[in-house]
Amino acid sequence: SVRKQLDLKRTLFIFASKSGGTIEPSSHFKYFWSLVKKAGVKNPGNNFMAVTDAGTGLEKLATEKKFRRVFINPSDIGGRFSALSCFGMVPAALCGADIKKLLERAVDTATLCKNREITENPGALLGAMMAQLALQGRDKLTLVLPEKLKYFGLWVEQLVAESTGKEGKGIIPVCLEPLMEPDKYQADRFFVQVRFEGFTSAAEEASLAAVRKAGHPVYTITIKDQYDLGAEFFRWEAATAAAGALLEINPFDQPNVQEAKLLTMRVLAQYAEKGRKPPAKPDFSADRVAVYASRALKGADKGIASYDDVFWSVFSALGEKEYIGLLAYLPNNPKVEAGLVKLRESLTRYTSSACTLAYGPRYLHSSGQLHKGGPDKAFFIILTNQAKKDIVIPGE
């Protein structure tokens with residue numbers, strides 16, 4: 001679907017990968033490189049730039065293929081802490097953002113984050129609240145953002161989930177969720193609202209006042225304009241590191257994401273060698289859907305024989321303060337999105353449990369670490385479909 005929107009001869013592709021070996025961007029590169037060459041571009045390297053660490057396979061590839069430009073990032077910055085480095089700033093500059101202004105706001109906040117008085121230190125204060133409330137059982141960090149900044153929530157989701165979800169601990173970020181009536185929330189929420197100075201939504205303020213009155217903690221961050229995103233990137237990075245320290249985990253590693261990458265490579269190697277495995281038998285199937293239940297679920301229930309059983313198994317297996325992870329390996333288009341949003345809202349309203357929504361394989365590199373290494377308090381619904389028209393990736 002992206003291919004259909006592009007004039008290949010006039011498209012600049014940014015291959016951004018810290019390690020240079022992550023399978024998704026590598027596959028994207030092989031696919032688009034072959035198309036640019038087929039389109040008759042004389043020097044296809046001119047249509048590509050790279051952002052990576054020093055000494056990676058990607059740096060070597062970019063040199064060999066004569067990429068237009070290679071940006072080498074400082075290698076001591078973790079992937080999800082990279083918004084203010086070349087990984088975030090190169091695309092921002094190409095979008096026309098004033099990156100000097102963005103970085104000046106970040107530097108101002110970095111200076112405040114050196115303050116030893118916690119109420120004057122925006123990163124330490126937010127991090128202390130996140131960790132303390134999580135330790136008290138309020139581990140669903142619920143973001144309330146203005147429409148203009150709604151996708152900032154997905155960045156916070158990866159930062160917080162991948163940094164804190166390990167060793168059976170973790171803070172569960174909930175983003176892009178509409179505000180509901182206070183009785184639809186369990187006592188496991190911590191709301192963080194970000195709003196623009198001088199712009200308030202009466203409906204949002206009334207909803208948050210009701211939520212606050214019902215006993216849920218609400219913290220409000222007011223920003224001047226979109227350039228304060230620079231400040232927010234730093235605030236949230238510092239807060240996440242501080243929360244990790246208080247939870248007594250290392251916020252800078254992602255052991256289970258790495259493990260999943262290696263397992264995926266192994267499965268693909270077996271597939272290349274032996275071909276596709278025969279499909280598993282579903283626990284329930286109808287004209288347009290097949291349902292597969294995990295062993296843990298079948299042990300907790302008598303089995304799945306109808307649509308009702310599918311949903312009853314979800315509701316009966318959920319414990320107090322547990323959450324639902326809706327994980328969709330589906331096309332990210334408006335029609336699918338609308339259906340998923342509706343399903344998510346129904347699940348939240350019916351169970352009063354937090355329900356997160358993420359697309360695969362993207363979530364494997366963000367909240368996937370939390371799902372695998374974090375607290376054992378989630379019910380996962382994985383939605384897949386058969387691709388109508390699969391694409392060939394050269395050399396794979």
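Student: Which residue forms a salt bridge with Lys-30?

Tutor: In this predicted model, local features need pLDDT of at least 70 and side-chain atom pairs count only at pLDDT 80 or more, while totals for chains, interfaces and linings use all residues. Residues are numbered from 1 along each chain as its sequence is written, and side-chain values use heavy atoms, leaving out hydrogens and water. A salt bridge here is a side-chain nitrogen of Lys or Arg within 4 Å of a carboxyl oxygen of Asp or Glu. The closest N and O atoms of this pair are 2.4 Å apart, and the partner of Lys-30 is Glu-396.

Student: Is Glu-162 buried or exposed?

Tutor: Buried means under 20% relative accessible area, exposed over 50%, and partly exposed in between (1.4 Å probe, protein chains only). Glu-162 forms a salt bridge with Arg-80, with the closest N and O atoms 3.5 Å apart. Arg-80 is buried, and Glu-162 is likewise buried.

Student: Why does Asp-225 count as partly exposed?

Tutor: Asp-225 meets Arg-105 in a salt bridge, at 2.9 Å from N to O. Arg-105 counts as buried because its relative accessibility is 15%. Asp-225 is partly exposed because its relative accessible area is 23%.

Student: Which residues are linked with Asp-139 in a network of salt bridges?

Tutor: Side chains of opposite charge can pair when their charged atoms come close. In this network, Asp-139 is linked with Lys-140, Asp-188 and Lys-377.

Student: How many salt bridges does the count come to?

Tutor: Lys-30 and Glu-396 form one of them. By the distance rule, the count comes to 18 salt bridges.
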